[in-house]
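Visitor: Hi, could you show me this one and talk me through it?

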Amino acid sequence: MIKVVPLLLCMLIAVCLQGSSSSDSVSGNAGRLDRVESQVAVLQAQQEGGSDNFWNIGSKFFYIEENQKVNWHSALNICRELGGHLADPDSQQELNSIKQRLTRGRHYWLGISDLANEGLFLSQDTGKRATFLKWIYGEPNNYGSYEHCVELKSQKDRPFLMNDAPCGLKSYFICERE
Ligand code: 2F8
Ligand code: CA
């Protein structure tokens, strides 16, 4: 089944680029390719049984994507396509259960950002201030002034904690479904 994805990718690129006129800018095509990449990522997550792979913690269900790295906006899109949203753990207990299933050294997108207002971290799901934030010491630091999306990351033997990172970075991600 996985072999179907490269074929679908070629077809989607062909369809999208067909629609471009000579006046299209390079950034227009880059935007199209970004959308194609996102659509392919959705197909891949669905093929890997994403919607059937949610596991239960309390009253919620979580899915950890470990096969493909995507940017934060694509991760949002994929979680929606799988019937949920990019995760925003709301208690230490929930975070502890999630952490047990993560791979050390990897980074995972969460559904929290300060894209609307620098320093004000909102849950993408509720649109309200994120209720539970557990930052790495010194974070969030908006490093280079372009870090607006929140990830979970562990460094060496340290626990998984939150960091603000550039939204365009490609990472694994965690979806949540009520
Ligand atoms: O030192 C903390 C700093 O480390 C990295 O930047 C050098 C992180 N960037 C990425 O992971 C892309 C920053 O987010 C982090 O604050
Ligand atoms: Ca940071």
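**Helix α3 and its ends**

Visitor: Which residues of α3 are buried?
Guide: W72, S74, A75, L76, I78 and C79. Buried means under 20% relative accessible area, exposed is over 50%, and partly exposed is in between, using a 1.4 Å probe and protein chains only. Helices (H or I, at least four residues) and strands (E, at least two) are DSSP runs, numbered from the N terminus.

Visitor: What am I looking at, and how does the numbering go?
Guide: It's a predicted model, where local features need pLDDT of at least 70 and side-chain atom pairs count only at pLDDT 80 or more, while totals for chains, interfaces and linings use all residues. Residues are numbered from 1 along each chain as its sequence is written, chains are lettered from A and ligands numbered from 1 in the order in which they are written, and side-chain values use heavy atoms, leaving out hydrogens and water.

Visitor: OK, back to α3. What caps its N-terminal end?
Guide: That's N71, which puts a side-chain oxygen 3.1 Å from the backbone nitrogen of H73. A polar contact here is a pair of N or O atoms within 3.5 Å; within protein, one must be able to donate a hydrogen and the other to accept it, and residues adjacent in sequence count only if both atoms are side-chain atoms.

Visitor: And which residue just after α3 has a positive phi?
Guide: G83, with a phi of about 85°.

**Disulfides**

Visitor: How many disulfides are there?
Guide: A search of the whole structure turns up 2, a disulfide being a pair of cysteine sulfur atoms within 2.5 Å. C79 is joined to C175, S to S 2.1 Å. That pair links distant parts of the chain, 96 residues apart, with C79 in helix α3 (residues 72-81) and C175 in strand β8 (residues 171-177).

Visitor: Is the C79 and C175 link left-handed or right-handed?
Guide: Left-handed, with -80° about the S-S bond. C79 and C175 are both buried, too.

Visitor: What about C149 and C167?
Guide: Their sulfur atoms sit 2.0 Å apart. The torsion about that S-S bond is about 95°, so this disulfide is right-handed. C149 is in strand β6 (residues 149-153) and C167 is in the loop between β7 (161-165) and β8, which puts the pair 18 residues apart, again in distant parts of the chain. C149 counts as buried because its relative accessibility is 0%, and C167 counts as buried at 11%.

Visitor: What pattern do the disulfides follow?
Guide: Counting bonded cysteines along the chain, 1-4, 2-3.

**Ligand and a loop**

Visitor: Switching topic: which residues surround ligand 1?
Guide: E139, N141, Y143, E147, N163, D164 and P166. To be near a molecule or strand, a residue needs a heavy atom within 4 Å of it.

Visitor: How far are the side chains of E139, E147 and N163 from it, N or O to ligand oxygen?
Guide: For E139 it's 2.6 Å from a side-chain N or O atom to an oxygen atom of ligand 1. The E147 side chain gives 2.4 Å, and the N163 side chain gives 2.9 Å.

Visitor: What is phi for N142 and S145?
Guide: N142 is near 45°, positive in a residue other than glycine. S145 is near 65°, also a positive value in a non-glycine residue. N142 is buried, because its relative accessibility is 17%, whereas S145 is exposed at 57%.

**Largest pocket**

Visitor: Last one: what is the volume of the largest pocket?
Guide: About 150 Å³. Of the 14 residues that line this pocket, D88, D90, S123, T126 and T131 are the closest to its centre. A pocket is an open set of points on a 1 Å grid over the protein atoms alone where a 1.4 Å probe fits, with protein on both sides within 12 Å along at least five of seven lines, and lining residues have an atom within 4 Å of a point. Its volume is the space filled by probe spheres set on the points, which are joined across faces, edges and corners.

Visitor: And the lining by class?
Guide: It has 4 nonpolar, 3 polar and 7 charged residues. Asp, Glu, Lys and Arg count as charged, Ala, Val, Leu, Ile, Met, Phe, Trp, Tyr, Cys and Pro as nonpolar, and the others, Gly among them, as polar.
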